[in-house]
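Good morning, colleagues. Please look at the sequence and the model on the screen while I go through the core and the strands.

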Amino acid sequence: QVQLVESGGGLVQAGGSLRLSCAASGRTFSRYYMGWFRQAPGKERIFVAAISWSEGSAYYADSVKGRFTISRDNAKNTVYLQMNSLRPEDTAVYYCAARLRTRTEYDNWGQGTQVTVSS
């Protein structure tokens, strides 16, 4: 059973930085894609970034390209989301997710961590 535990959220001023972590357990993740999603109040959950665990290929939503960086540490089984130049519109609950490479939908989710960016 896949378990994902996020941490690192908090309150930051606009222009600041945060690093989110997602500790993954329960599987060997070499065949997985790991993703970050976010959900703002009253809005749907949307894709932010993803990474192929084995190759390290990264993908980003247009809204975060050049500001956010996704990475993984194989030894620690942890995925990171480095968020720089944060904006008030980045305020949301951020979720870590995982899916096998053979699947199209993410079917393993963490509990989420709140990120609040003040103006």
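Which residues in the largest nonpolar core touch the most other members? They are Met34, Trp36, Leu81, Met83 and Tyr94, out of 30 residues in that core. A nonpolar core here is a set of buried Ala, Val, Leu, Ile, Met, Phe, Trp, Tyr and Cys residues joined through side-chain atoms within 4.5 Å; buried means under 20% relative accessible area, with a 1.4 Å probe and protein chains only. At least two residues of this core come from each of several strands, including strand 3 (18–25) and strand 4 (32–39). Strand 9 gives the most, with five residues. A second, separate core of five residues includes Tyr33, Phe37, Ala97 and Tyr106.

A word on the basis: this is a predicted model, in which local features need pLDDT of at least 70 and side-chain atom pairs count only at pLDDT 80 or more, while totals for chains, interfaces and linings use all residues. Residues are numbered from 1 along each chain as its sequence is written, and side-chain values use heavy atoms, with hydrogens and water left out.

Next, the strands, which are DSSP runs of E of at least two residues, numbered from the N terminus; two of them pair if DSSP finds at least two bridges between them. An open antiparallel sheet has the order 1-3-8-7. Strand 1 (3–7) and strand 7 stand at its edges with a single partner strand each, so one side of each lacks a neighbour in the sheet. Five bridges join strand 1 to strand 3, and serine 7 stands opposite serine 21.

Methods
Buried means under 20% relative accessible area, exposed over 50%, partly exposed in between (1.4 Å probe, protein chains only). Helices (H or I, at least four residues) and strands (E, at least two) are DSSP runs, numbered from the N terminus.
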